[in-house]
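Here is a short briefing for a reader new to this structure. Look at the sequence and the model first, then read on.

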Amino acid sequence: MKQVKVGILGATGAVGREMMKILAERNFPVSELRPIASERSAGKTVMFLGKEYTIVAASDDAFWGLDIVLGAAENDIAERYAPAIKRAGAVFVDNSSAFRLDPKVPLVIPEINPEDVSWHDGIIANPNCTTIVTLVAINALAKESPIETIIASSYQATSGAGAAGPLELMAEVEAQSRGESYTPKVFPYPIAFNVIPQIGGEAFAGYTSEEMKMQNEGRKILHLPALKVSCTCVRVPVVRSHSVSVVLRTKEKISVERAKELIAAAPGCRLVDDLKNKVYPMPLDTSDQDLVFVGRIRDDLTDERGLNLWCCGDQVRKGAATNAVQIAELLL
């Protein structure tokens, strides 16, 4: 297999570190790793496959000689360095939302639309983590019959806000156990023993930017331009792994039994559905692995063509780092 020179833009963040872990796990043919981060981190070192690599400061010249750059930085950083990455001749697999809705940029979940990688022009976008978890869960149903509408509620872990999210949750739990107060820094309100029904800023008609991603990105990935989605995103006091409650309506009715068959056979999914024995997807079971667990599949009682399901997936891995590495594998 061809050996590849890989850069990671944002190498010191939670997703960047996870990318290195997954490159090693999946035996990606890395001939050279170039960790790239801010001036603040430049000169420090990271370990990869037993070897020490020095972090390079992000600059227009930092990408020369690389074949693939995995992006794990914010939108402004991605937009700033994308032209330099392309000029260097590397392919930019970007985890930010900067290019996801650009019609010239493929938006890819390898289990769903791997063929879209073929028309990239130097940039491939990695979808939103909640979008990835949800669409992997329902893709087999969409192939059986086109999905017309989705009503979703997400229960998103604190690590979705970065490495500082779980630390704030733990600090608040400890403070409350001692009867002390704690002023939140990461989230707008205390997250311990609480849920916060807003992720992202207002984007459209009372919906947040995070909520609109499910519709806008879902249309592009599933190749369903008429798909309608109504979503509510909630931050919950969970460390890792997002959960999503999904109500979907398909063009033709899919029975519960058929839905279970399809999901059980779908790539990237694991059917975990036995209500009688209290077996269903939960964040603790889905963390630190790459499958999306799907369960609680049942008919919707308000729509004869509707189905309800519950899914969970690790948003740091499959929802971000693993999906990016899988895209890089497609490029090989």
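Glu 32 is partly exposed, with a relative accessible area of 24% (buried means under 20%, exposed over 50%, partly exposed in between, with a 1.4 Å probe and protein chains only). Its salt-bridge partner is Arg 34, at 3.0 Å from N to O (a salt bridge puts a side-chain nitrogen of Lys or Arg within 4 Å of a carboxyl oxygen of Asp or Glu). Arg 34 counts as buried, at 14% relative accessibility.

This is a predicted model: local features need pLDDT of at least 70, side-chain atom pairs count only at pLDDT 80 or more, and totals for chains, interfaces and linings use all residues. Residues are numbered from 1 along each chain as its sequence is written, and side-chain values use heavy atoms, with hydrogens and water left out.

**Salt bridges**
- The count comes to 22 salt bridges.
- Arg 317 meets Glu 25 at 2.8 Å, N to O.
- That pair links helix H8 to helix H1, 292 residues apart (helices are DSSP runs of H or I with at least four residues, strands are runs of E with at least two, and both are numbered from the N terminus).
- Arg 317 also meets Asp 288, at 3.6 Å from N to O.
- Asp 288 lies in the loop between helix H7 (283–286) and strand E15 (292–299), so its pairing with Arg 317 in helix H8 ties together parts 29 residues apart in sequence.
- Arg 317 is buried at 3%, while Glu 25 is partly exposed at 43% and Asp 288 is partly exposed at 44%.
- A network of salt bridges includes Glu 18, Lys 21, Arg 240 and Arg 317.

**Sheet**
- Six strands form an open sheet in the order E5-E2-E1-E6-E7-E8, with parallel pairing (two strands pair if DSSP finds at least two bridges between them).
- Strands E5 (56–57) and E8 (123–125) stand at the edges with a single partner each, so one side of each has no neighbour in the sheet.
- Strands E1 (residues 4–9) and E6 (residues 68–71) are joined by four bridges.

**Helix H8**
- Of the 15 residues of H8, 12 are buried, so the helix is largely enclosed by the rest of the structure.
- Its buried residues pack against helix H1 (14–25), E6, E7, E8 and helix H3 (129–144) (contact means heavy atoms within 4.5 Å).

**Cysteines**
- The count of disulfides is zero (a disulfide is a pair of cysteine sulfur atoms within 2.5 Å).
- The sulfur of Cys 233 is 3.8 Å from that of Cys 231, its closest cysteine sulfur, too far for a bond.
- Cys 233 is buried, at 1% relative accessibility.
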